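Student: I have a model open and want to learn to read it feature by feature. Can we start with the overall layout and then move to single residues?
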Amino acid sequence: MGPLRSVVLAGGGTGGHIYPLLAFADCLRRHDPGVRITCLGTPRGLENELIPPQGYDLRTIPAYQLPRSVNMNLVRTPGRMWTAARAAGRVIDEVRADVVVGFGGYVSVPAYLAAWRRELPIVIHEVNVPPGVANRLGMKFTKHVAVGFPHQPAQAESLREARVVGVPLRRGIAGLDRYAARNAARAHFGLRPDLPVLFVAGGSQGARSINLAVAGAAKELARNGVQVLHVIGARNEPVPVPTDLPVPYVTLPYLSEMELGYAAADLMLGRGGAMTCAEVAAIGLPTVYVPYPHSNQEQKRNALPVVEAGGGLLVDDAEVTPDWVERNVIPLIRDPHRLHAMGAAAASYGRRDGDEALLNYVYEAVAR
């Protein structure tokens, strides 16, 4: 088929929806610099901070939180949902979209409804089990469902027929050669090139347990020659770190270029969000996963297949203490042979081509 002329991308609220959307937009633009790309978001979502700086047209429409159960009454009853769908439809009509590609979040629902009413192709990309409520509703309007991980179709009946394409990743991450970039990345953070680096990043929320455990183990880590690059999380309180350590312990509130942290690291300690799992597996970075405990356990389900493949360790949030870090992380990070084996196992599970695979699937859906 011919090239796509206009594509509407819908997704917002959290980085887990927005980062794959942006990576896919970059892929679209690489293949055809002339394609029109329009992103749909909400007025208050994180997308307002992330999408416009990347040079993409962001249109905001009203979006409303959805009830947790999905049925057709959800669509039929609330007038405000149709108000949002009409707003999405006006954008779709104005840009003369060929297809709507949705990544989840409440803003996706009006886009799916508007596209369905216009008989436009809809492609859904989902990274979680169970699927988010917005994408579960979207699945009532399209058979074109793509997923990020091979475990998803096996674990969710609604994803049984989904196409496994991987997760679209930014080129800075998908193309990362950790070993080639290591020394420059360490120099960027003021870390020594000759000692192992533990990279700690628990996401923007819910990582206080990780922060306290690693900071509490700082002296013992340093005594064993382990450097720490610690992203506290912009929404978290700073944690006290001893100042008289013999090796660097670098703290940052936030890191926008995660590839630099990955490149500097020998081992990562973090949550089990879908994007984190996709990124560290793709680049072969051994990781200790501490899934967020207050949810439906989706982070544990995200991390478990990588761990079962040999690419990391899994530990409950309640178990992560300074003592646990000292007993488990220090022996691991000081064992380069074990780290190398874990990294190779992670890379064999991960994939770097999620953006290209999703684009091929979108072309297929439009051709049908």
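Student: How far apart do the C-alpha centres of domain 1 and domain 2 lie?

Tutor: This is a predicted model. In it, the C-alpha centres of the two domains are 31 Å apart. Domain 1 takes in 6-169 + 352-367, and domain 2 covers 176-349.

Student: How many residues of domain 1 are in contact with domain 2?

Tutor: On the domain 1 side, 16 residues take part. They touch 14 residues of domain 2.

Student: Now sheets. How do strands of a sheet pair?

Tutor: They pair through backbone hydrogen bonds, and the pairing is either parallel or antiparallel.

Student: How many bridges join strand 9 to strand 10?

Tutor: Four, with strand 9 (residues 227-231) running parallel to strand 10. For a residue to look at, take histidine 230: threonine 251 in strand 10 stands opposite.

Student: On to single residues. Is aspartate 98 buried or exposed?

Tutor: Read the relative accessibility; under 20% is buried. Aspartate 98 has 12%, so aspartate 98 counts as buried. Aspartate 98 sits in the loop between helix 4 (79-95) and strand 4 (99-102).

Student: What does the side chain of aspartate 98 make a polar contact with?

Tutor: With the side chain of arginine 5, at 2.6 Å. Setting aside neighbours within four places in sequence, aspartate 98 also contacts other residues, including Leu4, Ser6, Leu120, Pro121 and Val366.

Student: Which residues does the UniProt annotation "binding site" cover?

Tutor: The unreviewed UniProt entry gives Thr14, Gly15, Gly16, Asn128, Arg170, Ser204 and Gln299. Take glycine 16 as a case. Glycine 16 is in helix 1 (residues 15-31).

Student: Why does glycine 16 count as partly exposed?

Tutor: Partly exposed lies between the buried limit of 20% and the exposed limit of 50%. Glycine 16 has 31% relative accessibility, so glycine 16 falls in that class.

Definitions and conventions
Residues are numbered from 1 along each chain as its sequence is written. This is a predicted model: local features need pLDDT of at least 70, side-chain atom pairs count only at pLDDT 80 or more; totals for chains, interfaces and linings use all residues. Side-chain values use heavy atoms; hydrogens and water are left out. Helices (H or I, at least four residues) and strands (E, at least two) are DSSP runs, numbered from the N terminus. Buried means under 20% relative accessible area, exposed over 50%, partly exposed in between (1.4 Å probe, protein chains only). A polar contact is a pair of N or O atoms within 3.5 Å; within protein, one must be able to donate a hydrogen and the other to accept it, and residues adjacent in sequence count only if both atoms are side-chain atoms. Contact means heavy atoms within 4.5 Å. UniProt positions are given in the numbering used here, feature names are shortened, and annotations may be inferred rather than shown by experiment. Two strands pair if DSSP finds at least two bridges between them. Domain bounds come from an automatic or database domain assignment.
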